[in-house]
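Dear colleague,

Please find below the structure that I am handing over to you. A summary of the findings follows it.

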Amino acid sequence: MEASFWLSRWEQNKTGFHEAEVHEDLLKYGERWLSLASGGPKKDVLVPLCGKTKDLAHLAKLGHRVVGVELSAKAAQAAFDEAKLPFTQEQQGPYQVFKAQDLDLEVRVGNFFKLPAKPSFDAVWDRAAMVALDPDRRARYAEHLIQVLRPGGTLLVNVMDYPQAQMSGPPHAVSVVDLAGYYEKSFSIETLYEEDQIDREPKFRERGLDRFVVSTSLLRRV
Ligand SMILES: C[S@@+](CC[C@H](N)C(=O)[O-])C[C@H]1O[C@@H](n2cnc3c(N)ncnc32)[C@H](O)[C@@H]1O
């Protein structure tokens, strides 16, 4: 999707992907994902394509250094306002950076693909990030994540799979098998959760889907 697509979604408040609470799989599997990651107790955590997710503040409050990357300044501002976190703003290279005053949390507003391609993070939480990108950008996205991850780093990846012919994305369909295609050369992959959630997703049934399989996988760098 073009940047203009996402910016206009945010302008029109069409953010059905946003979860009202911290993601349940982050609560269930986050401790394991982080304990297996490189680094000391305080991890450098990246949340790519972060929107205004509550997961950002949750991770920072656990004591980690958290960086979100998001195209929309409106989303970044909402992430801080809704968590009642005072913040400052500064320009750093291609990014307008929103920084919490009292927590180790920043959201870099700009394009994910402009992140310097050097190992800077111990752990990545991809919730509905890979599935937000057009399929032809996925391989580049996965390569870029691998470049910014330190040796020994871990990914926690939440994706959705459905018959792509029944609906055009986003979210685009990404299965656990697709994930392996992008990551298995560099990571061991353990799928922690996989379930057809179509009965809980009336909006996707209305859009024509008969299956909507959500999965969360833990990837450890080999
Ligand atoms: C499906 S939403 C998921 C947001 C968030 N991960 C969540 O769980 O609520 C995808 C987000 O990625 C942002 N986005 C899309 N392409 C991007 C890019 N190239 N760089 C940074 N952000 C991007 C969009 O603005 C949107 O907020």
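A residue is taken to be near a molecule if its C-beta atom, placed from the backbone, lies within 6 Å of it. On that basis, 20 residues surround the ligand, and the closest are Trp6, Leu49, Gly51, Phe112 and Ala132.

The model is a predicted one: local features need pLDDT of at least 70, side-chain atom pairs count only at pLDDT 80 or more, and totals for chains, interfaces and linings use all residues. Residues are numbered from 1 along each chain as its sequence is written.

Helices (H or I, at least four residues) and strands (E, at least two) are DSSP runs, numbered from the N terminus, and two strands pair if DSSP finds at least two bridges between them. Nine strands form an open sheet with mixed pairing, in the order E3-E4-E5-E2-E1-E6-E7-E9-E8. Strand E3 (87-92) and strand E8 (187-196) each have a single partner strand and stand at the edges, so one side of each is left without a neighbour in the sheet. Within the sheet, strand E1 (residues 44-48) and strand E2 (residues 65-70) run parallel and are joined by five bridges; Val45 stands opposite Val66 in E2.

In helix H6 (residues 176-183), Leu179, Tyr182 and Tyr183 are buried, that is, 20 or more other C-beta atoms lie within 10 Å of their own, with C-beta atoms placed from the backbone. The buried residues of H6 pack against helix H5 (138-148), E7, E8 and E9, where contact requires C-beta atoms, placed from the backbone, to lie within 7 Å.

Yours sincerely

Technical notes. Two residues are in contact if their C-beta atoms, placed from the backbone, lie within 7 Å. Axes are lines fitted to C-alpha atoms, for helices over the stretch in contact, and angles run from 0 to 180 degrees between N-to-C directions. A residue is buried if 20 or more other C-beta atoms lie within 10 Å of its own, exposed if 12 or fewer, and partly exposed in between; C-beta atoms are placed from the backbone.
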